[in-house]
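Let us take a friendly walk through a protein chain, from its overall build down to single residues. Keep the picture open as you read, and look up each residue as it comes along.

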Amino acid sequence: MSALFLIACKELSDLLRDGRSRLIGVAVALLLLASLVTGWRQVREFAQQQHIADEAAREQWEHQEAKNPHSAAHFGTYAFKPPTALSYLDRGVDAYLGVAVWIEAHKQNPFLFRPVEDATAVSRFGDVTAANILQTLVPLLILLLTFSAISAERESGTLKQLLSLGISGHSLFCGKALGILTALSLLLAPALALGIVALAFQSSTALTGDAVARLLLLALSYLLYFGVVIGVSLIVSAVAPSSRGALVILLALWIGNCLIVPRLAADLSERLYPTPSGEEFQAIIERDMKDGVDGHNPDSARTEELKQRVLKQYGVARVEDLPVNFAGLALVAGEEYGNQVFDRRYGELWRLYDKQNRIHHALTLFAPLDALRPLSAGLAGTDFAGHRHFAAAAETYRRMLTKTMNENLAYKSRGNTFAYKADSALWKDLPKFAYAAPGFGSVLRQQSWNLPYCWPGL
């Protein structure tokens with residue numbers, strides 16, 4: 001039997017016999033299991049509520065009274081982002097950015113139903129989710145288990161005895177790491193099993209190959225992250241002058257990794273690449289709509305240019321003589337111009353967010369948690385990239401809905417009035433909004449820059 005295996009067995013045995021280690025480990029494990037059950041129930045209830053709201057919104061849309069189609073475009077409807085199969089593990093940005101948006105003409109509305117808005121001050125400090133426990137409490141548990149792993153051997157004099165027996169420092173280090181990792185795996189294995197069971201019972205379609213692949217990669221990423229934490233803890237235990245000194249150093253590293261560096265990255269990114277407030281951004285959109293993106297193409301001039309072009313196209317002198325409804329054509333043109341404004345201004349905003357993310361990326365060298373968090377949320381489907389994907393799908397649907405309504409007004413009536421009315425057949429013919437989240441391969445491509453920091457050696 002190799003020395004490495006013997007050392008691992010002894011380390012595991014010592015940890016299992018230590019009453020304090022057992023107590024702390026079991027407490028964290030129970031908290032993790034409780035967070036999984038709570039998260040699963042919350043997501044399941046939310047999915048049921050969202051389904052009811054979605055059906056009600058569609059019924060309300062289809063049973064509108066006869067009205068002008070453009071008025072129906074303003075009547076609008078909701079687009080809901082369905083919870084992902086693994087959102088019970090990591091809520092990501094959904095609680096902060098919202099999961100539903102009101103679809104209507106002329107506007108890209110802000111997202112609604114942000115749970116953080118209704119949260120208490122204490123709950124805003126951090127949700128008790130499985131992801132938060134794995135990212136913060138488990139590393140704290142690891143350093144409490146390992147801070148004296150080598151320093152205590154040196155202080156008691158057994159380290160010299162082990163080395164005198166021919167056991168190399170490498171074998172001692174790897175054996176202790178293996179023993180600690182085994183003990184940690186025993187604590188977390190029930191949580192992984194419960195996560196798989198929760199996935200199976202999430203919904204009739206949740207247990208797919210894509211979801212299982214995400215869950216397994218998520219588990220492997222966390223396991224390797226814990227391996228890094230164990231390695232750093234053992235190195236500190238080996239070089240620190242005492243066990244007490246090792247504990248102080250490791251606590252400082254934990255505070256830096258979990259609290260200081262993420263906060264510093266957020267503040268630094270906002271200072272270097274400030275983003276406009278919601279009110280400022282809306283004012284920019286309204287200015288561009290009225291005066292043109294360059295400030296020299298006002299709405300009135302664009303409408304007059306369209307009028308002359310349409311009159312020439314149909315060979316008439318007055319809009320009243322057109323075989324189509326000029327008001328509808330003007331609305332179609334106005335929406336197309338508005339889409340250009342939205343694409344430009346939101347594109348600028350997304351680029352600012354990308355630059356901010358690069359600041360976080362640079363600081364992952366000092367805090368691997370800043371790489372693990374987006375990777376975890378990305379695999380759970382609740383990261384910012386997932387939010388942008390849903391926002392793009394909702395905006396595509398909004399544009400289709402508005403264009404359909406405006407073109408019906410333009411080509412089913414004549415003149416320049418809003419007197420024309422459509423009936424429920426038009427509302428029912430409009431396809432219902434359906435959202436498909438990005439697949440596993442797409443998430444891997446988006447998160448490829450985080451993997452080297454979460455997986456040492458890649």
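## Before we start

This is a predicted model, in which local features need pLDDT of at least 70 and side-chain atom pairs count only at pLDDT 80 or more, while totals for chains, interfaces and linings use all residues. Residues are numbered from 1 along each chain as its sequence is written, and side-chain values use heavy atoms, with hydrogens and water left out.

## The whole chain

The chain has 19 helices and 3 strands. Here helices (H or I, at least four residues) and strands (E, at least two) are DSSP runs, numbered from the N terminus. The chain is more spread out than a compact globule, because its radius of gyration is 29 Å, well over the 23 Å that the globule rule gives for 458 residues. That radius is taken over C-alpha atoms, and the globule rule is 2.2 Å times the number of residues to the power 0.38. Along the principal axes, the C-alpha atoms fill a box of roughly 105 × 45 × 40 Å.

How much of the chain is buried? Of its 458 residues, 42% count as buried. Buried means under 20% relative accessible area, exposed means over 50%, and partly exposed lies in between (1.4 Å probe, protein chains only). The chain exposes about 23,400 Å², and carbon and sulfur atoms supply 63% of that area. Such areas come from the Shrake-Rupley method with a 1.4 Å probe; for residues, only the protein chains shown count as cover.

Contacts (heavy atoms within 4.5 Å) tell us about the fold as well. Among the contacts in the chain with a separation of 6 or more, 81% are between residues 24 or more positions apart.

Charges come next: the chain carries 43 positive and 42 negative side chains, and the centres of the two sets lie 4 Å apart. Lys and Arg count as positive and Asp and Glu as negative, with His and the chain ends not counted. Each charge is placed at NZ of Lys, CZ of Arg, CG of Asp or CD of Glu.

## The sheet

Now find the strands. They form an open sheet of 3 strands in the order β1-β2-β3, with antiparallel pairing. The edge strands are β1 (77–80) and β3 (107–108), each pairing on one side only. Two strands pair if DSSP finds at least two bridges between them. Strands of a sheet pair through backbone hydrogen bonds, either parallel or antiparallel.

β1 and β2 run antiparallel and are joined by 4 bridges; Ala79, for one, has Val101 in β2 as its bridge partner. Strand β2 (residues 100–104) is joined to β3 by 2 bridges, again in an antiparallel way, and Glu104 stands opposite Lys107 in β3. β2 is mostly covered, with 4 of its 5 residues buried.

Where is His106 found? His106 is in the loop between β2 and β3, a hairpin with 2 residues between the strands. His106 takes a phi near 75°, a positive value in a residue other than glycine. With 35% relative accessibility, His106 counts as partly exposed.

## Residues in the helices

| Residue | Relative accessible area | Class |
|---|---|---|
| Leu401 | 0% | buried |
| Gly195 | 4% | buried |
| Asn339 | 14% | buried |
| Asp291 | 30% | partly exposed |

Leu401 is part of helix α16 (residues 384–412). Not counting residues up to four places away in sequence, Leu401 touches Trp61, Ala73, Thr77, Ile103 and Leu430. Leu401 and Ala252 are 149 residues apart in sequence, and their C-alpha atoms are 54 Å apart in space.

Gly195 belongs to helix α9 (residues 169–200). With neighbours within four places in sequence left aside, Gly195 is in contact with Leu36, Tyr88 and Leu215. From Gly195 to Ala72 there are 123 residues in sequence and 44 Å in space, C-alpha to C-alpha.

Which residues does Asn339 touch, not counting residues up to four places away in sequence? They are Glu395, Arg398 and Arg399, while Asn339 itself sits in helix α14 (residues 326–363).

Finally, Asp291 has its place in helix α12 (residues 278–291). Asp291 and Arg302 are 11 residues apart in sequence and 9.9 Å apart in space, C-alpha to C-alpha.
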